Amino acid sequence: MSYSYPLEETWTQQEIIDVVNFYSLVEQAYENGVKRDDLLMAYTRFKQIVPAKSEEKQLCGKFEKESGYSCYQTVKKARNMRSGDRVTMELHK
């Protein structure tokens, strides 16, 4: 990984850990797949930390620009799957 995660300096250490976990699961969905339920649980926690849609779009936009991985598309796909499924994403170039 040759990029950094977009974080807010006002977050607590635990909030940073939880947001990094969410970004990491999005990465894993692109790299080798991730459990749908784990991803959606991490997204729920992410939304507790970042409740504003505008801030979510800003942070996830920065993450996608840096990594090429879309939080939005990954969560959207996971929501349309059944519990217990694995989410696997493909990079679109």
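I looked up which elements line the largest pocket of this predicted model, and found that H3 and helix H4 (71-79) each supply at least two residues of its lining, with H3 giving the most at 6 residues. Helices (H or I, at least four residues) and strands (E, at least two) are DSSP runs, numbered from the N terminus. For the pocket I used a 1 Å grid over the protein atoms alone, taking an open set of points where a 1.4 Å probe fits, with protein on both sides within 12 Å along at least five of seven lines, and lining residues as those with an atom within 4 Å of a point.

I noted a volume of about 210 Å³ for the largest pocket; of its 14 lining residues, Tyr-43, Lys-53, Glu-56, Cys-71 and Tyr-72 are the closest to the centre.

I then turned to Cys-60, which lies in helix H3 (residues 53-67) and is buried (under 20% relative accessible area, 1.4 Å probe, protein chains only), its own value being 9%. Leaving out residues up to four places away in sequence, I found that Cys-60 touches Phe-22, Phe-46 and Cys-71, where contact means heavy atoms within 4.5 Å.

I followed Phe-22 into helix H1 (residues 13-31), where Phe-22 is among the buried residues, and I saw that the buried residues of H1 pack against strand E1 (34-35), helix H2 (36-49), H3, H4 and strand E2 (86-87). Just after H1, I recorded a positive phi of about 95° at Gly-33.

I kept to numbering from 1 along each chain as its sequence is written. Local features need pLDDT of at least 70, side-chain atom pairs count only at pLDDT 80 or more, totals for chains, interfaces and linings use all residues, and side-chain values use heavy atoms, with hydrogens and water left out.

Key. Buried means under 20% relative accessible area, exposed over 50%, partly exposed in between (1.4 Å probe, protein chains only). Grid points are joined across faces, edges and corners, and a volume is the space filled by probe spheres set on the points. The expected span of a helix is 1.5 Å times one less than its number of residues.
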